[in-house]
Each structure stands twice: as C-alpha cells, then as structure tokens.
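Let's walk through this one together, question by question. Have a look at the picture before we start.

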Amino acid sequence: GFGEVGLWLLLFIYGRTLLKILLGKGKIAHRLLPDYHPTLDLPLFEKILIFLNRTHVYVGIATVAIILLHITMMGVPMRILFFPAVLALVIWQGLFGLFLSWRYSPTELKKFSYLVHAQFITGIMIGIFALFGHILIDD
C-alpha cells in the first residue's frame with residue numbers, strides 16, 4: 001500500500017544522504033567527517049548521486065504526499081504520540097524543502113530552511129517513530 005511506497009521513497013531520499021557521506025560530498029559529509037577524503041574513484045556512484053540530486057525535489061514531494069495520504073487513509077491515532085510526531089516531522093521536512101526550492105523565498109528563509117531541512121537526524125526520527133508507532137498499533 002501507500003505505507004510501503006512511502007517507506008521505499010524515504011529510503012531513496014535518505015540513501016542519497018548516505019551516498020553523499022560515503023563519497024565525501026556536500027556539507028553534511030564535511031560536518032560529520034571533516035578529515036575524510038575517499039581514496040576510491042567510484043564513477044558509477046557519482047552518476048547515481050547526480051541522478052539522485054536531480055530527482056530529490058520531485059521524489060521529496062511525492063514522498064510527503066504519499067506519507068500524508070497513508071496517514072490520512074489509515075487515520076491518525078492521536079493516543080499514540082509517535083504518529084503526531086511523524087506527521088509533524090513529515091510536514092516540517094516538506095515545508096522547509098518547499099522554501100528551499102521556491103524561487104520567491106527570501107534569502108534568510110532559504111538559509112534557515114537549509115539548516116532545518118538538511119538534518120539527517122530528522123529522517124532517522126521519522127523512521128524510528130513510524131516503526132514504534134506501527135508496533136504499538138499492531139498490538
């Protein structure tokens with residue numbers, strides 16, 4: 001269903017981040033591993049990263065839409081606090097991703113949006129909270 005598709009899209013999105021860290025590309029790699037310089041020349045992974053960078057915005061929009069559709073169709077059990085947290089984090093990522101890609105966003109908003117959108121921990125929290133929420137709802 002939509003939940004599985006959303007999971008695969010999240011893996012696609014955050015796989016890009018892992019690949020950037022592996023290849024030592026981007027600000028996140030330099031923040032996490034400042035002295036890391038990969039010795040391998042991996043042209044296949046470079047091509048994959050270029051593809052992932054080009055499709056990131058579109059896959060991100062689809063991911064947010066599908067996850068929100070999944071949550072709406074399944075209902076949000078507010079008594080399990082993991083689900084409102086996942087909902088808030090997904091909206092958070094989508095909203096600040098929108099501010100990053102929207103050409104009419106002021107420069108200060110884009111800078112702030114980058115700081116809050118480009119956090120790997122947010123994706124990890126979405127995954128952990130969704131997992132525990134599903135474990136609790138399946139019991």
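Some words first: helices (H or I, at least four residues) and strands (E, at least two) are DSSP runs, numbered from the N terminus. This is a predicted model, where local features need pLDDT of at least 70, side-chain atom pairs count only at pLDDT 80 or more, and totals for chains, interfaces and linings use all residues. Residues are numbered from 1 along each chain as its sequence is written, and side-chain values use heavy atoms, with hydrogens and water left out.

Q: Which element gives the largest share of the lining of the second largest pocket?
A: A pocket is found on a 1 Å grid over the protein atoms alone: it is an open set of points where a 1.4 Å probe fits, with protein on both sides within 12 Å along at least five of seven lines, and lining residues have an atom within 4 Å of a point. Here α1, α3, α4 and α6 each supply at least two lining residues. The largest share, six residues, comes from α1.

Q: What is the volume of the largest pocket?
A: Its lining has 31 residues, and the closest to the centre are Arg 16, His 56, Gln 93, Gly 97 and His 117. α3 gives the largest share of that lining, eight residues. Grid points are joined across faces, edges and corners, and a volume is the space filled by probe spheres set on the points. For the largest pocket that comes to about 700 Å³.

Q: How many charged residues are in the lining of the largest pocket?
A: For the classes, Ala, Val, Leu, Ile, Met, Phe, Trp, Tyr, Cys and Pro count as nonpolar, Asp, Glu, Lys and Arg as charged, and the others, Gly among them, as polar. The lining of the largest pocket has 15 nonpolar and twelve polar residues, and its charged residues number four.

Q: Why do the buried residues of α5 line one face of the helix?
A: Buried means under 20% relative accessible area, exposed over 50%, and partly exposed in between (1.4 Å probe, protein chains only). The buried residues of α5 are Ser 113, Val 116 and His 117. On the other side of α5, Thr 107, Glu 108, Lys 111 and Leu 115 are exposed. Going by directions from the helix axis to the C-beta atoms, the buried residues line one face because, seen down the axis of α5, they fall within an arc of 90 degrees.

Q: Is Thr 63 buried or exposed?
A: You'll find Thr 63 in helix α3. Leaving aside neighbours within four places in sequence, Thr 63 is in contact (heavy atoms within 4.5 Å) with Gly 6, Leu 9, Leu 10 and Ile 13. With a relative accessible area of 5%, Thr 63 is buried.

Q: What is the relative accessible area of Thr 39?
A: Thr 39 sits in the loop between α2 and α3. Thr 39 and Ala 62 are 23 residues apart in sequence and 35 Å apart in space, C-alpha to C-alpha. Thr 39 is exposed, and its relative accessible area is 79%.

Q: How far apart in space are Ala 118 and Phe 96, C-alpha to C-alpha?
A: Ala 118 is in the loop between α5 and α6, and is partly exposed at 22% relative accessible area. In sequence, Ala 118 and Phe 96 are 22 residues apart, while in space their C-alpha to C-alpha distance is 9.3 Å.
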